[in-house]
Amino acid sequence: MRGTVETFVESDAVRPVSVVYGRAVAEHGGRRPRTVVLTHPDTWTAQQIRSLIDSAVRAGVDSRSLVTVSKGWAAVDFFTRSERLQRGSVVAVLDLGYETADAAVFTVGGGGAMRLAAVGSDRALGGRNLDAVVRRMVERALVVRDPDAAAQLRVAPVHVHRDLDAQVRRAKERLSREDTATVTVRLEECSHTLTLGRDEFDAAIVPVIDRAVTGLRAALADAGLPSGTVPDVLYLTGGSARIPSVRSTLGGLCPVRAAGETSTVVAEGALVAVENRRRSSRARTLGWLRPVGIAVAAVLVAAGIAVAVSRGLTHEPVVVHVSGSAVVAQPFGGAVGAPQTAGFASIPADREHSAVPVHQIEDSTGTDQNRDDHE
């Protein structure tokens, strides 16, 4: 709706789902959405997913409209909207969220079909680890600037630390885009504005990035791939994927792709995934109905012809044409090619194609364009 991401700290999902759902309905004049998509980590169990669905229902969402999509699948569908992966390719997704770092490994089979081969999650690694790195940078700089202020900070009230933590998060985000960022430490007796540099930030977060790489390699090993296998492409999602040094470090291992706004990849990809499911389901249904419909139509046409002959209604030869969309029968009387449209029968073989009206039908001597139109 707006492409923004907000953080909620709740014991369950009722509150955030209620807020987001309420805003979406309000944006559309009170009209409820036909489909509500809930995303979740790939490592979640069926029980955890069930709890998420229950929370959404308690938040007022119609259970019949609910669809769930894992974050890994959503990311893959987002990035592969306009490209086709080769058979045998290995695709990985690394979601660097605020609280966890999740990895998913996919393998590509025949026809581009993808299989989730392995998942992994580091619950002690995420964006808040990077916040802690920036916080330590601030504290070290404050010790150099004013040791007494640094001592005061350690015993400062909670609101002082909350204000500092908020500034630290903003500084981390700014260092993802710019070379410097400032943080102001506000104490009761004094305040200090400190400038942080990207080079220092990049050097400080190396251990965090290395840990993310270790988790990715563990997921590749769990997928049963040969030792030393690297992904043919790695999709990065999550807020921390915006950091240049994260992209460059991972880019040294394999090709990396990341969206301009990495935080909304999962949300947008989930919508793409749902639409892909619908198309796939529709294609499978039509693929099953088409031959059955043609067979049934052919039987009905044959039965109709038999009845007509038995009643002496026609003694002319009948042409029966079976195409991918319809079965038609047309008698020809007198000279070959003279149309006798009164005896025409047409039976649709699927829901997407309807029979051409009788008055529009040409016989086999019609133009090529007409025959193409009929088919």
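**Contacts, burial and cavities**

Student: Which residues does H40 touch, not counting residues up to four places away in sequence?
Tutor: With those left out, H40 touches I49, L52, T68, V69, S70 and K71, where contact means heavy atoms within 4.5 Å. This is a predicted model, in which local features need pLDDT of at least 70 and side-chain atom pairs count only at pLDDT 80 or more, while totals for chains, interfaces and linings use all residues. Residues are numbered from 1 along each chain as its sequence is written, and side-chain values use heavy atoms, without hydrogens and water.

Student: Why is H40 called buried?
Tutor: H40 has a relative accessible area of 6%, and buried means under 20%, exposed over 50%, partly exposed in between (1.4 Å probe, protein chains only). H40 is therefore buried.

Student: What makes C190 partly exposed?
Tutor: The relative accessible area of C190 is 24%, so C190 falls in the middle class. C254, at 6%, is buried.

Student: How many disulfides does the structure hold?
Tutor: The count is 0; a disulfide needs two cysteine sulfur atoms within 2.5 Å.

Student: How many cavities of 30 Å³ or more are there?
Tutor: There are 2; a cavity is a set of points on a 1 Å grid where a 1.4 Å probe fits but cannot get out, and lining residues have an atom within 4 Å of a point. The largest cavity holds about 100 Å³ of space. Of its 13 lining residues, L96, L130, V208, A212 and S240 are the closest to its centre.

Student: Which residues line the second largest cavity?
Tutor: Its lining is D42, K71, G72, V93, D95, D102, A103 and A104. Its volume is about 30 Å³.

Conventions:
On a 1 Å grid over the protein atoms alone, a cavity is a set of points where a 1.4 Å probe fits but cannot get out, and a pocket is an open set with protein on both sides within 12 Å along at least five of seven lines; lining residues have an atom within 4 Å of a point. Grid points are joined across faces, edges and corners, and a volume is the space filled by probe spheres set on the points.
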